Amino acid sequence: MPILTVDALDARHGLLHAVRGVSFAVEEGETLALVGANGAGKTTLLRCIAGAHRASGGRVMFDGTDVTHLPAHRRVQCGIALVPEGRRLFAGMTVEENLRVAAGRGRPGTWTVERIVEAFPQLGPKLQARAGDLSGGQQQAAAIARALMTNPRLLLLDEVSLGLSPIAVDAVYASLQGLLGGGATVVLVEQDLARALRVADRVLCMLEGRVVYEGRAQETTREQVMAAYFGLREAVA
Amino acid sequence: MIFLNQLVQGVFLGAYYALVACSLSFLFGVMRIVNLAHGSLVVLAAFVLFELADRAGLSPWLSLIVAIPAMAVVGWLLQRLVLDRSLRGGMLVPLLSTFGLAIVLDNLLFQRFGADTRSLAPYIGDLSFDSWSLTDDITVGRLDVLILAVAIVVLGGLQTFLSRTRLGRTIRATAEDPSVVGLIGIDARAVYALATAIAMAMATVAGAFLAMRTTFDPYSGGAQLIFAFETVVIGGFGSLWGTLAGGIVLGIAQNIGAFISPRFFLIAGHLVFLGVLVARVWLSGLNLRRLRVRAA
Amino acid sequence: MVLRWTGRSAAFATAIAAALVVLAVGPFVFAPGVTDRLTALFVYVILGAMWNALAGYGGLVSVGQQAFFGLGAFAAIRLSHAGVPVYPSLAVAALLVGLLALPLGEVMLRLRGGEFAIGMWVVAELAHLLVNLDPLINGETGTSLIALNAVTAPARRADTYWSALGGMVVLLGAMFLMLRGRVGASVQAIRDDEQAAASVGVRVLATKRVVFVLAALGCALAGALWLASAITFQPRAYFSVQWTAYMIFMTLVGGLGTFEGPVLGAVLFFVVETVFGAYGVWYLVGLGAAALLFALFVPAGLWGNAERRYALRMLPVGYHVALPASRQPGGG
């Protein structure tokens, strides 16, 4: 049974119909990459799964429970954690405080500040620094770490490489590698197609709120996704 | 030397202002709401304490133990019934709703208690008038010293609570970004309700000292709100120790004004407040926003 | 292309003109008591409209508009004392207070939200205390507009009535023209989203300045007119925060940010005061409760709601209530 099932999900963003009847499922331990042009509805979709955006129709099932109407903080207790676009750390608090404030709110689990520092060595020397003073890459690591502190069963990552230098992106993904390989269930939004295809088991491409391509990453070529990306019909079939 | 005494009294008066101001400042820091009913709620607490002392015969100190949790519940209700809904209405609604609430509270108190002024001074025995003479001209009242001590304990305690405890971190995180805390499992509404309850507990302490050190009536709330606000602006919005400094500056200004002529007591305070405002506008250009920081 | 004058609004404008003609001959027709009450109503309309200009159009909630109300009355007293004829002194007083609002706005308009709200209250308190220092006023004892004693009661009643009617028409007219002009467009942009407005080049501060000074001038005229009808000036009565409570009630119940709403609100307030004013404290509790409940549950007010429901638009000011975006904790 899939751990996450999204069923005919609809969401609006003001006047914009951002997500239109999206359905897909994620198996436990799987990494799914969401790709698509800006404004395709990827972020809104992730936020709907996390409960940060209200769905206007459809269902979100998590581990057999309907969570569609649960507020975000309740979904964290179920085991869903979103690393939001733009990182959104508590800039005035220290990195350690950012981690500790998230501790013990989700499910019981094994993540501690010490284990975080093992997984994200770049955070070790920065624990007492103000989160707002970190570099972009460090902030991204801290944002992921903060989400991990809730011991999620499903981790949603929104544009972790946005605004980072290539080196910083590599560092973030290097830290993620352990997670992705270690059986975590992850849905990530990634602009860099090549990287998405490399890290994910499956790829889902969105266009104007709809899913226009879905396939196993290994069997998917860059060209196929690019075609779906720009809405070329023949590629979808 | 009489002038020096005025300065000393100003410091103690300032400690009272800091006590009144800290809950206003705290609530603003957490929810970005300026609670226009703040003064009225302080006065409500004073009346609750007075009733407990007058009717139930409880000592004011014992009454505080009863009144603080009771007012915390009032705070919780205030958030759930008024502030929560107001916040969703945008910038203006919290101001309008809390102002409406202030009018309702003031007039309900008037309806119940009439225009008579009241004081808790008769219920605290020697404390209300005992004092120590430092020199021939300078005397400090025991109650004043107690207020200063309590102000330091409350402000320091709040500071420690916010920076050292888990709940304090939760409140700070929510204050920084209420739309993100849900993603790490924090219910922002519950945090807001808790913060309002804490603010009302502190307002009750302020109400107790308002009632002990002077007289009050149902319409005293407006003045308390203004003093609290001036204190917070002079001290810098959001900074807790700044609040104490702001209160002391205000208290000293008022006492120096009164030293010149009794009619200048309030005027001097208002002028210092406006002076600080003008100075800030000129120094920081367009924005006061950088000055109002977090609750910590 | 947006049509401003619809058939209905043209008809409505005609109706207003007719009503004004009828009101203009009022003092010849009405009983003295009615004339006095209508004078009060006109003052209420001015107050409601001015508070709405500030909050509804400028996004500025002030709980200190009584500062201008009191200063307007005080300036009229002073001018009249200096020999200026009584009725012109009302208008001059309002202009002087409007002038005073210019530098005051420079400081106060840098404040935001609640800071501006209470900051204005401090200004009102300070104005009150300073006016009390004037030997002519002599503290809370106050004084009266002595020059009016030279006029017979009926003439005084009629002149004050016409002044109030004229003042109301001029101020509402000025506001109407302002809203149709460039300021109107800016005002709308600012209320929808202040930062966005600034980023597309709307001169936020300049627009707020205009609204602030207009509101100050209008409240000052209201104060001066109130003085002309009450004759006595006791600072406490004029600088009372209750005036702001009334203004908020009128604006909220009528409809914040609508042109017609505060007028409707003023009429409702007038009726409520006439019927329930005798209940004293409970009446005030009711006013506060109404303001609270409207702010929470009917933020668009009666007119705003009707306007939306029936696509009603009597006067073509081209403004629609757009409730600010929600800031929901835990959501986003």
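This is a predicted model: local features need pLDDT of at least 70, side-chain atom pairs count only at pLDDT 80 or more; totals for chains, interfaces and linings use all residues.
Two strands pair if DSSP finds at least two bridges between them. Take A:Thr31: its bridge partner in β8(A) is A:Val186. The strands around this bridge are β3 (residues 31-36) and β8 (residues 185-189), both of chain A. Four bridges join them, and they run parallel.

Now widen the view to the sheet. Six strands of chain A form it, in the order β6-β7-β8-β3-β9-β10. The sheet is open, and its pairing is mixed. Its edges are β6 (80-83) and β10 (210-216) of chain A, each of which pairs on one side only. From one strand to the next, the twist averages 15°. As a general point, strands of a sheet pair through backbone hydrogen bonds, either parallel or antiparallel.

Is β6(A) covered or uncovered on its two faces? Both faces are covered. On one side A:Ile80 and A:Leu82 are buried, and on the other A:Ala81 and A:Val83 are buried.

A:Asp63 sits in the loop between β4 (57-62) and β5 (65-66) of chain A. Its phi is near 50°, a positive value in a residue other than glycine. A:Glu159 also has phi near 50°, again positive and again in a residue other than glycine. That residue lies in the loop between β7 (154-158) and α6 (166-181) of chain A. A:Glu159 has 5% relative accessibility, so it counts as buried.

Turn to the cysteines. How many disulfides does a search of the whole structure find? The count over all chains is zero. A:Cys205 shows why for its own case: the closest cysteine sulfur, in A:Cys48, is 18 Å from its sulfur, too far for a bond. The cut-off for a disulfide is a pair of cysteine sulfur atoms within 2.5 Å. A:Cys205 is also buried, at 0% relative accessibility. In chain C, C:Cys219 is buried too, with a relative accessible area of 0%.

Stay in chain C for a helix contact. C:Ala101 lies in helix α5 (residues 86-108) of chain C. Its relative accessibility is 0%, so it counts as buried. The C-alpha atom of C:Ala101 is separated by 6.4 Å from that of C:Ala216. Along the chain, these two residues are 115 residues apart.

Finally, look at the second largest pocket, which holds about 1,000 Å³ of space. It is lined by 37 residues. The closest to its centre are B:Tyr219, B:Gly222, B:Ala223, C:Glu125 and C:Val241. Chain B gives two or more residues to the lining from each of α4 (92-113), α9 (221-235) and α11 (264-284). By class, the lining has 18 nonpolar, 14 polar and five charged residues.

How values were computed:
Residues are numbered from 1 along each chain as its sequence is written. Chains are lettered from A and ligands numbered from 1 in the order in which they are written. Side-chain values use heavy atoms; hydrogens and water are left out. Buried means under 20% relative accessible area, exposed over 50%, partly exposed in between (1.4 Å probe, protein chains only). On a 1 Å grid over the protein atoms alone, a cavity is a set of points where a 1.4 Å probe fits but cannot get out, and a pocket is an open set with protein on both sides within 12 Å along at least five of seven lines; lining residues have an atom within 4 Å of a point. Grid points are joined across faces, edges and corners, and a volume is the space filled by probe spheres set on the points. Ala, Val, Leu, Ile, Met, Phe, Trp, Tyr, Cys and Pro count as nonpolar, Asp, Glu, Lys and Arg as charged, and the others, Gly among them, as polar. Axes are lines fitted to C-alpha atoms, for helices over the stretch in contact, and angles run from 0 to 180 degrees between N-to-C directions.
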